[in-house]
Every structure is written in C-alpha cells, then in structure tokens.
Amino acid sequence: MNKLFTASLLSLAVFASYANAEILTYTATSKKSQKEADALALEGLAKQLRTKVSSEFATEVKEDAKGNVTSTAKSTKNTSTNMVLKGAKVTPGPKSGGKFQSTATMDTEQMASKILVDIESIRKEMHAKDSIIRLDMVDGDYRKMGVDMLALEKLADRYNENLEDLSCVQKIPDNLRLESTIGELTEYLISGMESLKMETDLTSEALIVTVTDFNGPVVGFPLALTQDSKDIAHEKTNEEGEAVFSLAQVKKLHPSGDVTVHADLSFKYVRKSAVISKSVHYTSDVAACAYTLECVGPTEACGALRGHLIASGISISDKANLPKMKATITSADKMNSSKTLCTSRITLAIEAGKQSISEQAQGVGRDEGIAQATAVKKVNATRLHDTFGKACK
C-alpha cells in the first residue's frame with residue numbers, strides 16, 4: 001500500500017441542558033381497538049412535533065437600513081409517524097362511550113438526550129470500523145475491505161438519521177456534523193481495484209485464474225465462475241495469486257460451452273472500479289462418430305436438439321454415408337391462464353446403431369416453440385455424450 005489516510009472522525013460533546021425543553025402531549029380515541037388508539041396518539045404527537053419544527057425552521061425575511069430585503073430558507077425536517085419518537089410514552093386511558101383512549105407524551109429534553117447517546121455510540125462504532133478497514137488495506141484483503149466499507153456507510157446513514165431526528169427538538173451544533181473518512185477510504189479501495197488484472201489459462205482439466213494489483217499477486221481474492229447467469233463455483237487465490245477451477249463438474253452439465261470468471265465482491269465497488277471479467281470457451285472431447293440427424297417432432301424442438309447434441313460433443317453433419325441418428329420428440333404443452341407463458345413437457349427418444357436413450361424434460365417459454373426448445377436443452381448432455389460417443393466404434 002502506498003500510503004494510509006490519516007483523517008479522523010469528529011469528537012462529540014454531549015450536552016447536559018437544553019434551553020428549549022418542552023413537554024408535548026396528544027390524546028386520541030378509537031372505536032376499533034386500543035392498538036389503533038395508541039397509533040393515533042403517536043401520529044398526533046408526530047404531527048404536533050412537525051408543526052413545531054416547521055415554525056422554528058421557517059423562511060426568515062429581513063430588511064436592512066437601506067431597505068434591502070433578504071430571504072433565508074432554513075432546512076426543515078418532515079416529521080412523520082415513521083420517525084422513531086425516542087422517549088415517547090403511551091398511556092392507555094379509560095374506555096368511555098365504547099371508545100378506546102390513549103395519550104402519548106414526550107419530553108423533548110429526554111428525547112434529545114437519548115438521541116445524543118445513540119449518536120455517541122454510533123461514533124465509537126465508526127471509529128472502530130475505520131481502524132479495521134485500515135488493517136484490511138495493509139493486508140490487501142479486498143473482500144473484507146468491501147464488506148467493512150458497506151458497514152461503515154450504514155453506520156454513517158444511521159448517524160445522519162439521528163441528526164435529523166435531533167433537529168426536530170434543537171438546532172444542530174456544527175461540531176455534531178459528520179466528518180467521516182468514507183470518501184478517502186472509498187477512493188483508496190477503488191484505486192486498488194482499478195489496478196487489478198486478471199489472466200486466465202485453460203487446460204483440459206481446469207481453468208487457472210491469476211489476479212494481480214499494483215503490489216503484485218493478490219492473496220485470498222474471491223472469484224466466481226458464472227454460466228447461464230448463475231454462479232456455479234467459487235474460489236479464492238493462493239499465495240501466488242492463482243485460483244484453480246476444476247472443469248469436471250462443469251462439463252457434466254455442459255460438455256461444451258462458455259464460462260465467465262469475475263470478482264466475487266460487492267457490485268457497488270465492482271461497478272465503480274470497472275473490474276474486468278473474463279469469458280472463456282471450453283469444449284469436450286469430440287465424439288469419435290459423426291451422424292446425420294433425422295428428427296421427427298416440432299420444428300423448434302428439433303432445431304434445439306441439433307444444437308444441444310453439438311454442444312454435448314456429438315458431431316452432426318449433412319454429409320452422405322454417415323451413420324444415422326434418429327430422434328423422436330413428443331410434447332404436451334399448456335398455456336397459463338393469462339396466456340403469457342407456456343409449459344412444455346417433452347419426451348425425447350434417440351437411436352443410433354445399437355445405442356438408444358429416452359429422456360423427459362420440462363421447459364417454460366412465452367410460446368410453445370420456445371418452451372419445447374428450452375425443455376430439449378435440459379436433457380442430460382453428459383448422458384448424450386457418453387451414450388453416442390462410442391456408438392459407431
């Protein structure tokens with residue numbers, strides 16, 4: 001790491017007295033339940049507080065000795081029932097005339113005191129988290145750095161929310177304004193991620209991924225292998241900055257295809273730093289036999305079968321004098337009630353030489369053809385390869 005940032009969080013002074021301390025109260029009734037009466041009492045208390053805040057923070061208009069008029073709009077806090085009324089007490093009243101009664105009371109001085117205690121607690125958490133992130137930097141642990149940065153940002157959000165609540169009952173002193181190191185820490189994290197480089201090496205058995213940054217190999221860097229928009233494997237880099245993904249399990253589902261390796265980090269920082277991902281195409285061993293395909297069934301299903309056989313490592317050709325592979329596809333299709341999606345259940349029977357298989361699969365699509373094609377692609381590719389790869393040997 002080139003340098004450590006040395007900014008610090010603000011120090012916080014807890015005030016012991018408040019010139020504008022005030023007792024607010026509101027009584028509500030409900031014909032429905034005591035719970036509703038309690039909620040209405042709190043809502044009335046919040047509205048009362050909102051009215052108080054609006055009057056205190058209203059626009060000021062001043063005129064100087066020369067007759068110049070100036071207008072200053074102060075910030076306002078739109079208090080609502082969603083606000084946590086710290087220190088509010090709800091007292092059920094006697095039921096009268098078939099109505100439930102409740103009185104909500106709040107001491108604004110006590111409310112401010114509780115908020116300040118929460119602010120001090122959050123400040124200490126932020127200071128501790130700041131120190132942890134700096135240790136993450138020293139270790140070059142991008143994963144933990146990202147996780148801890150998101151936690152620090154959440155703490156900052158909580159801090160500012162408490163300041164907003166405090167503004168309902170008193171003016172916010174300047175020394176309570178949040179001055180955190182989030183911006184500087186984020187800048188360091190992003191600059192480090194922007195220096196990341198990823199190299200891939202595909203062998204017959206594995207995909208080897210090497211990750212480096214401005215300091216060299218990155219240890220413990222989290223990577224994910226994605227196929228068909230799903231993460232199918234996770235690995236971390238070793239001391240040499242290398243992660244090894246075995247292709248054995250991948251090829252069982254798709255003997256041939258494409259995979260993408262990418263940083264398994266918070267998308268927020270990956271997007272900001274534009275960390276590069278790598279796509280790799282792999283193939284299975286091509287079957288010794290080549291076939292001409294004769295398919296009886298729906299057109300889109302037969303077209304999908306041809307592509308699926310090729311992806312499974314089976315050579316399909318239109319050349320003359322090749323062994324024939326005969327396939328029969330039957331389907332049962334059903335549209336949903338809104339006619340927007342179709343579910344197709346197909347039965348596939350394939351015969352070539354002395355080998356044959358029968359498979360069933362289900363697919364969903366916006367029409368019958370797409371649903372049938374989707375179902376065909378779900379037929380076990382490994383079984384196709386193992387069955388017909390040796391059929392004409």
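At roughly what angle do the axes of α2 and helix α3 cross, and within what distance do they come? Keep that in mind as you browse these close-ups, which come from a predicted model.

**View 1. Helices α2 and α3 pack against each other.** Here's the reply to the opening question: the axes of α2 and helix α3 (residues 142-166) come within 9 Å and cross at roughly 160°. Angles over 145 degrees count as roughly antiparallel, so α2 is roughly antiparallel to α3. As for handedness, this crossing of α2 and α3 is left-handed. If you're new to this kind of picture, two packed helices are described by the angle between their axes and the distance between the axes.

**View 2. Helix α2 from start to finish.** Helix α2 covers residues 108-139, which is 32 residues. You can check its length yourself: at 1.5 Å a residue it should span 46 Å, and its end C-alpha atoms are 47 Å apart, so the two agree. Now look at the start of α2, where a side-chain oxygen of D107 reaches to within 2.8 Å of the backbone nitrogen of E109. At the other end, just after α2, you'll find G140 with a positive phi of about 65°.

**View 3. A five-strand open sheet.** Follow the strands across and you get the order β15-β14-β16-β17-β18, with mixed pairing. The edges belong to β15 (315-316) and β18 (355-365), each of which pairs on one side only. Helix α8 (residues 368-376) packs on this sheet and touches β16, β17 and β18. The direction of α8 makes about 135° with that of β18.

**View 4. Strand β16 and its two neighbours.** Strands of a sheet pair through backbone hydrogen bonds, either parallel or antiparallel. With strand β14 (residues 290-296), β16 pairs in the parallel sense over five bridges. Look for T292, which stands opposite K324 in β16. Strand β17 (residues 342-352) runs antiparallel to β16 (residues 324-335), and 10 bridges join them. Two pairs to spot here are T328 with its bridge partner A349 in β17, and D333, which stands opposite S344 in β17. β16 and β17 form a hairpin with six residues between them. In the turn, K339 has a positive phi of about 60°.

**View 5. Helices α7 and α8 side by side.** The axes of helix α7 (residues 299-311) and α8 come within 8 Å and cross at roughly 30°. Angles under 35 degrees count as roughly parallel, so α7 and α8 are roughly parallel to each other. In passing α8, α7 makes a right-handed crossing. Who's touching whom? On the α7 side, the contact is made by E300, A301, A304, L305 and H308. On the α8 side, look for G369, I370, Q372, A373 and V376.

**View 6. A four-strand open sheet.** This one has the order β10-β9-β12-β13, and its pairing is antiparallel. Its edge strands are β10 (230-236) and β13 (278-282), each pairing on one side only. From one strand to the next, the twist averages 25°. Zoom in on strand β9 (residues 222-227) and β10: they run antiparallel and are joined by six bridges.

Terms used: Residues numbered from 1 in each chain as written. Predicted model: local features only at pLDDT ≥ 70, side-chain atom pairs only at ≥ 80, totals over all residues. Heavy atoms only, no water. Pairing = 2+ DSSP bridges. Contact = heavy atoms within 4.5 Å. Axes fitted to C-alpha atoms, helices over the stretch in contact; angles between N-to-C directions. Expected span 1.5 Å × (residues − 1). Polar contact = N/O pair within 3.5 Å; in protein donor to acceptor, adjacent residues only side chain to side chain. Parallel < 35°, antiparallel > 145°, perpendicular 65-115°, else oblique. Left-handed = near helix turned anticlockwise from the far one by under 90°.
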